[in-house]
Amino acid sequence: MTSSQSHPAIVVRELSQKVATLDGTLSILDGINLEIAQGQSVAIIGSSGAGKSTLLALLAGLDRASHGEIYLDGSALHQLDEEQRAALRGASVGFIFQSFMLVDSLTALENVMLPLELAGQANAPQQAKALLERVGLAERLDHFPNQLSGGEQQRVAIARAFASKPKILFADEPTGNLDHSNSDKVEELLFSLNRESGTTLVLVTHDLELAKRCQRQLRMHAGRLEEQQ
Ligand SMILES: Nc1ncnc2c1ncn2[C@@H]1O[C@H](COP(=O)(O)OP(=O)(O)O)[C@@H](O)[C@H]1O
Ligand SMILES: [Mg+2]
């Protein structure tokens, strides 16, 4: 299916996730329905264990749901195999984790170059450098993750996530490991990139101030999703 402005960025129908445990079947997500318009910013809040990370991973195609339908930018994610999901992720999706998830053996520049090289882009070093300058790390190109502060590492992760110009950016507690001033910088970046690039932004957070900056707030409770007014 080709993409156009005519469909929502994300459509979810009757999404459930059940996993087998020693005590029987555990229901993590229970009949989620959701539509997110292109370019919208959406916060998902809710207590620990509510299912927020599970939902985000399914929406990003990192995992497979046990039941239900997910359409990402018009593509039926639930009908794709592992390899096709990886291709769709590479083309349309960025993901930012609470724990940064940088490659420790690569410099900041090399971490951001990685997705560009995987996409076969010839000028990966120049593009990666420009992205790191955009997140305020022009002076840190050759630093390894363990030579960077948490806030700097998250800014590298943001530069990496934006390298493939994703239509949809998922962030799972992106400021959860950061102090106040670094949180502010990371938030500013996420929202300015959301505005400038029209990127759809879906983030999980415990920070109600951050949630309020999004156009929509959804609350997850025991595997169900509710719109906050
Ligand atoms: N693969 C799994 N096997 C068993 N339980 C899981 C699995 N993944 C998540 N859970 C459980 O599902 C619930 C929701 O987890 P999670 O999505 O990480 O919640 P949140 O991000 O809202 O804190 C938790 O109780 C968690 O322990
Ligand atoms: Mg979580």
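Predicted model: local features only at pLDDT ≥ 70, side-chain atom pairs only at ≥ 80, totals over all residues.
Residues count from 1 along each chain as its sequence is written, while chains are lettered from A and ligands numbered from 1 in written order. Local features need pLDDT of at least 70, side-chain atom pairs count only at pLDDT 80 or more, totals for chains, interfaces and linings use all residues, and side-chain values use heavy atoms, without hydrogens and water.

Q: Why is strand β3 called largely enclosed by the rest of the structure?
A: Buried means under 20% relative accessible area (exposed is over 50%, partly exposed in between; 1.4 Å probe, protein chains only). Five of the five residues of β3 (41–45) are buried, so the strand is largely enclosed. Ser-41, Ala-43 and Ile-45 point one way, Val-42 and Ile-44 the other.

Q: What makes β3 and β8 a pair?
A: Two strands pair if DSSP finds at least two bridges between them. Four bridges join β3 to β8 (residues 200–204), and they run parallel, with Val-42 opposite Val-202. With β9 (residues 216–221), β3 also pairs in the parallel sense over four bridges; there Ile-44 stands opposite Leu-218.

Q: How do you know that Lys-52 makes a polar contact with ligand 1?
A: A polar contact is a pair of N or O atoms within 3.5 Å; within protein, one must be able to donate a hydrogen and the other to accept it, and residues adjacent in sequence count only if both atoms are side-chain atoms. A polar side-chain atom of Lys-52 lies 2.8 Å from a ligand oxygen, which meets the cut-off of 3.5 Å. For the side chain of Thr-54 the distance is 2.6 Å.

Methods
Helix = DSSP H or I, 4+ residues; strand = E, 2+ residues; numbered from the N terminus.
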